[in-house]
Amino acid sequence: MLSDFLRSEDLCFTIQHEIAPRINITDFEVMYSEGGRPPVSPKVMILILILQYLERLSDRAAAHNLRYRLDWKIALGLELDFKGIHPTSLVYFRDRLLASDKAGYAFDLVIEHLVAVGLIKKGAKQRIDSTHIIGNVRELSRLELLHETLRLFSLSAKDAGKTLGPGLLDTLKYYSEDISIRGISEQQRTKYAREAGLAMKVFIDWVTRLPQSSKLKTDASFETLTQVFAQNFQDDGSDPEGPNLIKIATGKDHICSPHEVDARYANKVGSVWLGYKAQVAETIPAAEGDVSFLTFIDVQEATQHDSTAAAEYVAYQGEKQTMPSEVYADTHYNSSANIEFLAAEGIQLKGPVTPVPVKEAHEKNQGFELDVKQRKIICPEGKETSRFTLWRDGRASGTFSKEACQSCSNSAACQPEKGGKRIVIRPESDLLKQRRALMATEEFKLDMHKRNGIEGTLSGLVRGNGMRRSRYRGKS
């Protein structure tokens with residue numbers, strides 16, 4: 001019998017007996033509306049996506065396997081004469097998953113099954129770390145960004161372009177074509193960029209005057225055009241040559257490519273990439289020989305700090321009944337706010353905290369006291385700052401007057417500048433001080449070995465499952 005064809009160690013055997021029975025077609029009702037031709041069963045489609053990911057296949061290769069691979073047909077419960085699907089069906093199905101907020105359906109299903117059979121237990125120890133994901137998009141120079149943004153908008157605006165005058169209609173046609181900028185001089189780059197800015201301004205004014213019923217007003221290409229213009233040009237209307245190009249246009253919200261508006265440039269430990277960041281958590285084996293299981297995967301913006309993943313991580317663990325008792329993480333996660341937040345949820349966050357900055361730790365800067373309420377810093381001799389600034393990140397900086405420092409008997413140890421002592425103090429809780437003291441112990445160092453396994457897991461996801469490069473466009 002065909003049911004006996006698969007062996008227990010086969011991947012498709014696991015899919016057939018462990019995954020397929022737990023997928024309910026009713027879970028996908030919100031993805032379909034009445035009318036139209038009958039779709040391929042969403043149960044079959046989600047299983048294809050799982051197999052496609054595990055075998056690292058393109059849509060075309062996955063559709064080919066579905067038609068000709070016997071083990072796939074058995075795992076999915078299909079008849080031998082099943083003719084298969086068109087590759088684009090997978091594209092449309094993924095779009096439906098995203099639109100219905102079901103992108104994590106398969107992962108959630110596996111987690112729930114592992115919890116049900118006791119392989120992931122509430123209160124178990126876990127570890128978390130992140131890795132970067134390169135977006136499925138080409139890196140663009142700034143001029144290419146401007147021209148590509150205009151090109152995509154021009155293609156969307158073709159039908160509405162007949163309301164433009166002859167001159168602007170030519171501009172629309174000009175930017176609807178690919179433009180080569182290879183070998184041009186810096187002066188030409190500046191000229192083309194200014195021209196692109198002027199074209200953007202004109203098109204924005206034109207769309208703004210269109211009737212409210214115009215689809216172009218809500219088109220994604222126009223929204224992107226508006227954002228790219230605001231992020232790259234200054235325009236007060238005083239320059240007859242048009243908007244002025246901002247010399248440096250960077251930031252966590254800046255669009256880097258109109259083809260992938262969520263992708264961002266980021267830099268971490270010397271690695272520079274355009275794309276996203278993945279947060280990954282797994283269980284820590286209780287005994288030697290035990291297996292680790294992934295408990296959390298989330299995709300963030302590339303510029304988002306690791307510490308911000310704590311809220312999503314805790315919410316997911318609570319929803320899946322997998323809340324750990326301890327979580328091991330590196331310095332980026334172990335902020336005082338995160339330690340306190342997880343403690344309130346009954347989780348002990350373990351790991352190193354950031355060291356005191358070298359300048360602040362220097363002997364000449366010791367003994368100064370910060371009084372945030374009174375907005376002042378007091379030196380060891382009891383003198384107060386003449387100027388005080390409190391920064392958004394919590395740091396406080398102050399300056400002591402030149403006269404106060406010159407008459408001070410402790411100036412040899414304090415080493416003030418010619419204009420008076422300048423100092424920066426970072427308010428620190430007792431919690432961070434206690435953790436830093438703990439970090440010096442041998443017990444802490446040995447305990448941190450439990451965190452190291454997540455590095456191997458990330459390596460496996462990158463090398464074995466192609467996690468480093470996004471297969472599709474979009475953060476989800």
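Residues are classed by relative accessible area as buried (under 20%), exposed (over 50%) or partly exposed (in between), with a 1.4 Å probe and protein chains only. The structure is a predicted model, in which local features need pLDDT of at least 70 and side-chain atom pairs count only at pLDDT 80 or more, whereas totals for chains, interfaces and linings use all residues. Numbering starts from 1 along each chain as its sequence is written, and side-chain values use heavy atoms, with hydrogens and water left out.

A salt bridge is taken as a side-chain nitrogen of Lys or Arg within 4 Å of a carboxyl oxygen of Asp or Glu. By this criterion, a search of the whole structure finds 21 salt bridges. Helices (H or I, at least four residues) and strands (E, at least two) are DSSP runs, numbered from the N terminus. One of the salt bridges is formed by the side chains of Glu-326 and Lys-125, with an N to O distance of 3.7 Å. This pair links distant parts of the chain, 201 residues apart: Glu-326 belongs to strand β7 (residues 326-328), while Lys-125 is in the loop between α6 (105-116) and β1 (126-134). Glu-326 is buried at a relative accessible area of 13%, and Lys-125 is partly exposed at 29%.

A further salt bridge joins Lys-350 to Asp-447, whose closest N and O atoms are 3.2 Å apart. Because Lys-350 lies in strand β8 (residues 348-350) and Asp-447 in helix α17 (residues 442-447), the pair ties together parts that are 97 residues apart in sequence. Lys-350 is buried, with 17% relative accessibility, and Asp-447 is likewise buried, with a value of 17%. Through salt bridges that share partners, Lys-125, Glu-326, Lys-350, Asp-447 and Lys-450 are joined into one network.

Glu-319 and Lys-320 also form a salt bridge, with 3.7 Å between the closest N and O atoms. Glu-319 is exposed, at 56% relative accessibility, whereas Lys-320 is buried, at 9%.

Asp-330, in the loop between β7 and α12 (336-344), presents another arrangement. Lys and Arg are counted as positive and Asp and Glu as negative, with His and the chain ends not counted. Asp-330 is buried yet has no salt bridge, and the nearest side chain of opposite charge, that of Arg-451, is 4.4 Å away. A polar atom of the Asp-330 side chain lies 3.1 Å from the backbone nitrogen of His-332. With contact defined as heavy atoms within 4.5 Å, Asp-330 is in contact with Asp-129, Pro-352 and Arg-451, leaving aside its neighbours within four places in sequence.

Strand pairing requires that DSSP find at least two bridges between two strands. Strand β5 (residues 271-283) is largely enclosed by the rest of the structure, because 11 of its 13 residues are buried. β5 pairs with β1 in the antiparallel sense over nine bridges, and Asp-129 stands opposite Val-280 in β5. Val-280 also has Ile-297 as its bridge partner in β6; seven bridges join β5 to strand β6 (residues 294-301), and the two run antiparallel. Strand β4 (residues 264-268) pairs with β5 over five bridges, again in the antiparallel sense. The bridge partner of Lys-268 in β5 is Ser-271. The hairpin of β4 and β5 has two residues between the strands, and Val-269 takes a positive phi near 50° in it.

Positive phi values occur in loops as well. Arg-56, which is not a glycine, has a phi of about 55°; Arg-56 lies in the loop between α2 (42-54) and α3 (59-68) and is partly exposed at 45% relative accessibility. Gln-321 has a positive phi near 60°. Gln-321 is located in the loop between α11 (309-319) and β7 and is partly exposed, with a relative accessible area of 47%.

A further set of strands forms an open sheet of three, in the order β11-β12-β13, with antiparallel pairing. β11 (387-390) and β13 (422-425) stand at the edges, each with a single partner strand, so one side of each is left without a neighbour in the sheet. Strand β12 (residues 396-399) pairs with β13 in the antiparallel sense over four bridges, and Thr-399 has Arg-422 as its bridge partner in β13.

How values were computed:
Polar contact = N/O pair within 3.5 Å; in protein donor to acceptor, adjacent residues only side chain to side chain.
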